[in-house]
Amino acid sequence: MILTEPRVRRDEFTARTGWRFEPEGACRGDLCVPLPEPPGEWLDAGTLAGRLGMPLVHDEAAGLWCLGPESHGRVLQTAGAPELTLPDWRGEPFSLSSLRGQKVLLLAWASW
Amino acid sequence: MWQELREELHPKGLEVVTVALDLKGVETAGRWIEAAAPTHPSLIDRAHLVDELFGVVNVPNGVWIGEDGVIVRPAEPAFPKRAAFLQRPLPPDLDPYQAAVLAEARRIRTEPERYTNALRDWVERGPASPFALSPEEVLRRSGDRGADRSGAAAHFELAQHLWREGREAEAVPHFRQARRLQPDNWTYKRQAWILADRFQAPSDLFEGDWLSDVREIGAENYYPKLDMPGGSPPGG
């Protein structure tokens, strides 16, 4: 996640990573990770990075931070497909979960 | 490229969703999509989210997802057919780098028949298909993600963001760092190289180039062998 300051909005963090915030801490699936203080609307990026095992890259000259994906050993933590919402080539948003009930072949390609 | 197979398998319950990993989005991917005239969802992923979420490290890669939203095969090489242009003779006046690239590309293993036959079997038989993997096996095969690979993803995201903002000089060190941290991620490298040279040839901006990096590992290792029943085992 690209950040212009070392904190992140709670709802944006949840949308990107799937981590929800409960009284117990940051939770996803059956796992809850305690946080040092109750989560508010904004969350400290350094705290999340440390507790959830995410890299926080800071480019001082560019004035930007990037919070990367967790480093927990495997790309997938669960076999449930992550939610993916992207624009189609005409610009209309499309969510992978809208195809629930059908088999899906998700194909990554590139023009390069 | 996938339209024909989609027409065959859609009536049997399969939908194809293509995702173009292109920093420049429709500007570079749009004409290919328009020419293919797809009837399936054709998405644009300017930030390479699919790399991060599904562990894609080269293209083309396919992921199979069951009706319940559970992945039954994680990212792996996915070819619907053999590339016709690789079977034609090379024009005699071809640029030497391009000629060397095409010669190397002919040595790359693709397994379209095995892949598409396995896909047909899964569409037909669902969880009973020997090509559908258990959740544990899906996680095991989804790829390692330690601190280096997570860091590479963060640098790559920052690089792409800065490049899209027109801050190319600031983006370059992050593209370079992503390659250093995860040298086997071809989507990171190829996306960077194409920004500097349309043939992904050596440039002053980035380390490596397509031909040198492929020769280093051997073209036969550019894509991992499909790990599925039938055919010789991976590594064989």
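Visitor: What is the bridge partner of A:Gly73 in S5(B)?

Guide: The partner is B:Arg145. This is a predicted model, in which local features need pLDDT of at least 70 and side-chain atom pairs count only at pLDDT 80 or more, while totals for chains, interfaces and linings use all residues. Residues are numbered from 1 along each chain as its sequence is written, and chains are lettered from A and ligands numbered from 1 in the order in which they are written.

Visitor: In which sense do S9(A) and S5(B) pair?

Guide: Antiparallel, over two bridges, with S5(B) spanning residues 144-145. Pairing requires at least two DSSP bridges between the strands; strands (E, at least two residues) and helices (H or I, at least four) are DSSP runs numbered from the N terminus.

Visitor: How many residues of each chain are in contact?

Guide: 45 of chain A and 68 of chain B, contact meaning C-beta atoms, placed from the backbone, within 7 Å. On the chain A side, the elements giving two or more residues include S7 (56-59) and S12 (103-109). S12(A) gives the most, seven residues.

Visitor: Changing topic, what is the domain assignment of chain B?

Guide: Domain 1 covers 3-141 and domain 2 covers 147-221, with bounds from an automatic or database assignment. Their C-alpha centres lie 21 Å apart.

Visitor: And how many residues of these domains are in contact?

Guide: 19 of domain 1 with 19 of domain 2 in chain B. On the domain 1 side, H3 (49-54) and H4 (96-105) of chain B each supply at least two residues, and H4(B) has the largest share, five.

Note on methods
Contact = placed C-beta atoms within 7 Å.
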